Amino acid sequence: MSRSVRRSGHVLCQDDGDEAVLLDLAGERYFGLNRVGARIWQLMEQPTPLRALHAALCVEFDAPAERIERDLLALMARLQDAGLIELE
């Protein structure tokens, strides 16, 4: 949780209210995000520490902090594997 995350420069996002679709221009692939994932993407407009993302999600969503952390790290791993974010 001490690392920072930033969006890759080759990703476009189409926000559709409660969901978002990411387009990886480099790989020409789509990646769908649910409401929570879309909110995380919005919060990453600038490079952001994972701790700050976690803190914001704990305020906005009614779930245990441990679950939010687990789900956040799982999403970060999937986005990183897809080349959509970079962890610093």
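Here are some questions and answers about the predicted model shown above.

Q: In what order do the elements of the protein run from the N terminus on?
A: Let's begin with the inventory: the protein has 3 helices and 6 strands. Read from the N terminus on, these elements follow the order β-β-β-β-α-β-α-α-β.

Q: What radius of gyration does the protein have, and what would a compact globule have?
A: The C-alpha trace spans about 35 × 30 × 20 Å along its principal axes. For 88 residues, a compact globule would come out near 12 Å, and the protein agrees with that because its own radius of gyration is 12 Å.

Q: What percentage of the residues in the protein is buried?
A: A residue is called buried when its relative accessible area is under 20%. Of the 88 residues in the protein, the share that passes this test is 32%.

Q: Of the contacts between residues at least 6 apart in sequence, what share joins residues at least 24 apart?
A: A contact here needs heavy atoms within 4.5 Å. Taking the contacts between residues at least 6 apart in sequence, the share that joins residues at least 24 apart is 55%.

Q: How much of the accessible surface belongs to carbon and sulfur atoms?
A: The accessible surface of the protein totals about 5400 Å². The part belonging to carbon and sulfur atoms is 48%.

Q: How many disulfides does the count come to?
A: A disulfide would need two cysteine sulfur atoms within 2.5 Å. By this rule, the count is 0.

Q: Is cysteine 58 buried, partly exposed or exposed?
A: Cysteine 58 sits in helix 2, which covers residues 50-60. Its relative accessible area is 28%.

Q: Which residues does cysteine 58 contact, leaving aside its neighbours within four places in sequence?
A: Arginine 39 is 19 residues away along the chain, and its C-alpha atom is separated from that of cysteine 58 by 12 Å. With the neighbours within four places set aside, the contacts of cysteine 58 are Ala65 and Ile68.

Q: Where is glutamate 28 found, and what is its phi near?
A: Glutamate 28 belongs to the loop between strand 3 (19-24) and strand 4 (29-33). It is exposed because its relative accessible area, 69%, is over 50%. Its phi is positive although the residue is not glycine, with a value near 50°.

Q: How far apart in space are glutamate 66 and histidine 54, C-alpha to C-alpha?
A: Glutamate 66 lies in helix 3 (residues 65-81) and is exposed, with a relative accessible area of 59%. Histidine 54 is 12 residues away in sequence, and the C-alpha to C-alpha distance is 9.7 Å.

Note on methods: Residues are numbered from 1 along each chain as its sequence is written. This is a predicted model: local features need pLDDT of at least 70, side-chain atom pairs count only at pLDDT 80 or more; totals for chains, interfaces and linings use all residues. Side-chain values use heavy atoms; hydrogens and water are left out. Helices (H or I, at least four residues) and strands (E, at least two) are DSSP runs, numbered from the N terminus. The radius of gyration is taken over C-alpha atoms; the globule rule is 2.2 Å times the number of residues to the power 0.38. Buried means under 20% relative accessible area, exposed over 50%, partly exposed in between (1.4 Å probe, protein chains only). Accessible areas come from the Shrake-Rupley method with a 1.4 Å probe; for residues, only the protein chains shown count as cover.
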